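Here are my notes on this model, point by point. Please read them beside the coordinates.

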Amino acid sequence: MTKRRLAILGSTGSIGTQACEVAKLHEDRFEVVALTAYSSREKLFEQVRTFRPKLAGLVKPIPMEEIPEDLRFCEWVFGPEALTVAAECDCDDVLVSVVGMVGLSSVLTALKNHKRVLLANKEALVAGGQLVMDAAKREGENYLLPVDSEHSAIFQCFQGAAGNPVKSIALTCSGGPFRTWEKQAIRAATRAQALKHPNWVMGQKITIDSATLFNKALEMIEAKWLFQVEPEQINVVVHPQSVIHSGVEFADGALIAQLGTPDMKLPILYAMSYPERLPTGGARLDLFGLQGLTFERPDEERFPSIRLSRECMLSGGAAGCVLNAANEVAVGKLLQAGAEESMNVGRIFDTVEEVLARVGHLSADTLEDVLYADRKAREAAEAFLKTHL
């Protein structure tokens, strides 16, 4: 059986690390041919020793002499071009699990070079949805596969659609650590409080986004592009147990949902092996062990991120890019050392709303348009926070 050759961009992060684990579990099915990391050199070195790829790269450059002698068997690339070179390499699939706007150019580069993209980068669709979808359509069906657990769940549900019309999408979320908190308590919440997610173990940025529900706001925009649905067809459902990862309602009233343990290895491996299903090696869902499943409507007064996302989808253009950039700057400020005394969760909501109002409507017809909108939004966010902290 021919192995699928895999390039992993962001291999030392949470998604990348788990992708390496399932690739190792099924080493008869996958060959890891390229690995890149931002700056986690020691972790990358260990991965290179394990998988012996043809290409390895660090976005944050180091001198070649600092690469251990036993790792110089492969080609090393340093700087931002490491992502481009990896996305162009001789592989079948490119897992894009980097954080930030570099994900957009990586996705476009991979698709341009006829690689199947396994997408675990929100910015690509939130900021450049039309560009990405146009590029994916030129390559053919299923050249863009979602890795995010919710979008993977929706994609799996769509496999049973058989061309039938979709009425709505149920995009689930746990509600995060502030699910039952009052509005003012949420606004006053600190970094430490926002980082205490009840169900998932993730990176700091996505954990903060899950607390503010900006993670879900970004996923709404992603879902619009991935599944070609209208904003009013996307319903966010708070599901604290994180057992149902999302679902699709059809015209006849039937709702198909995907259930599983809160384990990212399942959606990662499903994308890697699609259309096959391979065991993850993790715990399986025990239906008899469940104590009950509950569902709530999101409160847009306490979590304005949901409202802002819907407004951005209706506005079109680069609004999603602006929302993402403003949120990223604000979250970065919250995560800065020593920032807890002056920065709280409420400032994230304020920053995004203010930047959307300040920047106004911008186009997103080209990559240059998107990068311009991203830059203007970041400048506006920095200026706002400078005067409001």
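1. Aromatic pairs first. Rings of Phe, Tyr and Trp (its six-membered ring) pair if their centres lie within 6.5 Å; planes under 30 degrees apart count as stacked, over 60 as edge-to-face and the rest as tilted. By that rule, Phe45, Trp76 and Phe78 form one aromatic cluster. The structure holds 8 aromatic pairs. Trp76 and Phe78 make a stacked pair, because their ring centres are 6.2 Å apart and their planes stand at 15 degrees. Both Trp76 and Phe78 are buried. Buried means under 20% relative accessible area, exposed over 50%, and partly exposed in between (1.4 Å probe, protein chains only).

2. Ground rules. This is a predicted model: local features need pLDDT of at least 70, side-chain atom pairs count only at pLDDT 80 or more, and totals for chains, interfaces and linings use all residues. Residues are numbered from 1 along each chain as its sequence is written, and side-chain values use heavy atoms, with hydrogens and water left out.

3. Charges over rings. A charge sits over a ring if NZ of Lys or CZ of Arg is within 6 Å of the ring centre and within 35 degrees of the ring normal. Arg52 places its charged end over the ring of Phe73, 3.8 Å from the centre.

4. Nonpolar surface. Leu259, Leu287, Phe288, Leu293 and Phe295 make a nonpolar surface patch of about 550 Å². Patches are made of residues with over 30% relative accessible area and no salt bridge; like charges are joined within 9 Å, nonpolar side chains (Val, Leu, Ile, Met, Phe, Trp, Tyr) within 5 Å. Accessible areas come from the Shrake-Rupley method with a 1.4 Å probe; for residues, only the protein chains shown count as cover. Leu293 belongs to the loop between α11 (265-273) and α12 (305-315). Its relative accessibility is 31%, so Leu293 counts as partly exposed.

5. Helix α1. Helices (H or I, at least four residues) and strands (E, at least two) are DSSP runs, numbered from the N terminus. Gln18 lies in α1 (residues 14-25). Is Gln18 buried or exposed? Buried, because its relative accessibility is 14%. Leaving out residues up to four places away in sequence, Gln18 touches Asp263, Met264, Lys265 and Ile268. Contact means heavy atoms within 4.5 Å.

6. Helix α6. This helix (residues 149-158) is mostly covered, with 9 of its 10 residues buried. Among the buried residues of α6 are Glu150, His151, Phe155 and Gln156. What do the buried residues of α6 pack against? They meet β7 (144-146), β8 (166-173), α10 (214-227), β10 (244-250), β11 (255-259) and α11.

7. Helix α15. Leu385 lies in this helix (residues 367-387). It counts as buried, because its relative accessibility is 2%. Leu385 and Lys333 are 52 residues apart in sequence and 8.6 Å apart in space, C-alpha to C-alpha. Lys333 is one of the residues that Leu385 touches, including also Val329, Ala330, Met343 and Thr351, not counting residues up to four places away in sequence.

8. Salt bridges. A salt bridge is a side-chain nitrogen of Lys or Arg within 4 Å of a carboxyl oxygen of Asp or Glu. A search of the whole structure finds 29 of them. Glu27 and Lys24 meet in one, at 3.3 Å, N to O. Glu27 is partly exposed, with a relative accessible area of 44%. Lys24 counts as partly exposed at 40% relative accessibility.

9. Links between distant parts. Glu66 and Arg41 form a salt bridge at 2.9 Å, N to O. This pair links distant parts of the chain: Glu66 is in the loop between β3 (55-58) and β4 (75-78), Arg41 is in helix α2 (residues 41-51), and 25 residues separate them. Glu301 and Lys183 also meet in a salt bridge, at 3.6 Å, N to O. Here the loop between α11 and α12 holds Glu301, helix α7 (residues 183-187) holds Lys183, and the two are 118 residues apart. Glu301 counts as exposed at 55% relative accessibility, whereas Lys183 counts as partly exposed at 35%.

10. A charge network. Salt bridges that share partners join Lys122, Asp148, Glu150, Lys216, Glu219 and Glu222 into one network. Glu150 is also one of the buried residues of α6.
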